[in-house]
Amino acid sequence: MPAKVALKRNPKKNPLGRVFVGNIGALAIGLKYFLDPNRITLLYPHEYIKLRQGYRGFIVLIQDKCISCSSCARICPARAMKMLSVKVFDKRLKKEMVKKFPVINYNRCIFCGYCVDVCPAEALYHVPYHDLVYMNMQDMILSLENFQKEPENVSAKEGIPVRYVFDEKRGLVKIKQEEEKKEISQPVEQTKQQEGAKQQANNPEPKSVNKGGVNQ
């Protein structure tokens, strides 16, 4: 005979009690991390993460280096880069001629860095920041003149630079630049003291000799 299927009914819970318990749990978790001394909250814009050189931030063009090969526009996967025809004076040929230079649309750019890597003349480079706000989408389409200027790093003017390091016991730890300078200066001072002690050990001071010829 086939087994009989028994339906088990769960007791109904009071929705108010469920909401109350959920809110209490959420407040408890918030209080736990509020009192945690190792929290890594970034107080932006009073603090900002100082990114290292090589970070793929905004892209800048050096027009004098550009050879108009269009490699950057061809390789761009988001089609954010296009070539613009401009009349310029060629110093080598000593005449005015039309050349193509890249311009960028930050509505499309995904900061992959392909254009910088593929450029044979190193006419494009990254700046190590990207936290810039545009007031409208039209401003994100840069002209050739604006593409040659490094965007203003507003966070560096208003905030304190910090960085995060990994500690085996505490996890991610936020370090301010002032604390980082102290950490760097301490080992340098210790090494100087050790080098001074080694030099004294290798080159002991000569003993003074009095007029009677007896070493003191």
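Strand E1 (47-49) and strand E6 (residues 160-167) run parallel and are joined by 3 bridges. Within this pairing, Glu-47 stands opposite Ile-160 in E6. Two strands are taken as paired if DSSP finds at least two bridges between them. Helices (H or I, at least four residues) and strands (E, at least two) are DSSP runs, numbered from the N terminus. The model is predicted: local features need pLDDT of at least 70 and side-chain atom pairs count only at pLDDT 80 or more, while totals for chains, interfaces and linings use all residues. Residues are numbered from 1 along each chain as its sequence is written, and side-chain values use heavy atoms, with hydrogens and water left out.

The open sheet has 3 strands in the order E1-E6-E7, with mixed pairing. E1 and strand E7 (171-176) are its edge strands, each pairing on one side only. On average, neighbouring strands of this sheet are turned by 40° against each other, direction ignored. For such angles, axes are lines fitted to C-alpha atoms, for helices over the stretch in contact, and angles run from 0 to 180 degrees between N-to-C directions.

## Hairpin E3-E4

Strand E3 (residues 81-90) and E4 run antiparallel, joined by 10 bridges. Val-88 stands opposite Met-97 in E4. The two strands form a hairpin with 4 residues between them. Lys-94, in the turn, has a positive phi of about 55°.

## Aromatic pairs

Rings of Phe, Tyr and Trp (its six-membered ring) pair if their centres lie within 6.5 Å; planes under 30 degrees apart count as stacked, over 60 as edge-to-face and the rest as tilted. The count comes to 3 aromatic pairs. In one of them, the ring centres of Phe-58 and Tyr-106 are 5.0 Å apart and the planes stand at 85°, so this pair is edge-to-face. Phe-58 lies in the loop between strand E1 (47-49) and strand E2 (59-61), and Tyr-106 in the loop between strand E4 (95-104) and helix H3 (114-118), so the pair ties together parts that are 48 residues apart in sequence. Phe-58 counts as buried at 3% relative accessibility, and Tyr-106 counts as buried at 6%. Buried means under 20% relative accessible area, exposed over 50%, and partly exposed in between (1.4 Å probe, protein chains only).

Phe-58 also pairs with Phe-111: the centres are 5.9 Å apart and the planes at 80°, so this pair is edge-to-face. Phe-111 lies in the loop between E4 and H3, so its pairing with Phe-58 in the loop between E1 and E2 ties together parts that are 53 residues apart in sequence. Ring pairs link Phe-58, Tyr-106 and Phe-111 into a cluster. Phe-111 is partly exposed, with a relative accessible area of 23%.

## Contacts of Leu-132

Leu-132 lies in the loop between strand E5 (124-126) and helix H4 (144-147). With a relative accessible area of 27%, Leu-132 is partly exposed. Not counting residues up to four places away in sequence, Leu-132 touches Phe-58, Pro-151 and Glu-152. Contact here means heavy atoms within 4.5 Å. Leu-132 and Ser-155 are 23 residues apart in sequence, and their C-alpha atoms are 8.7 Å apart in space.

## Nonpolar core

A nonpolar core is a set of buried Ala, Val, Leu, Ile, Met, Phe, Trp, Tyr and Cys residues joined through side-chain atoms within 4.5 Å. The largest one has 28 residues, of which Ile-59, Met-81, Ile-104, Tyr-106, Leu-124 and Phe-147 touch the most other members. At least two residues of this core come from each of E2, E3, E4, H3 and H4.

Leaving aside neighbours within four places in sequence, Met-81 is in contact with Cys-72, Ala-73, Cys-76, Pro-102, Val-103, Ile-104, Cys-115, Leu-124 and Phe-147.

## Backbone geometry in loops

The peptide bond from Tyr-44 to Pro-45 is cis, with omega near 5°. Pro-45 is placed in the loop between helix H1 (15-34) and E1.

Although not a glycine, Ser-68 has a positive phi of about 60°. Ser-68 lies in the loop between E2 and helix H2 (71-75), and at 23% relative accessibility Ser-68 counts as partly exposed. Phe-111, also not a glycine, has a positive phi of about 55°.
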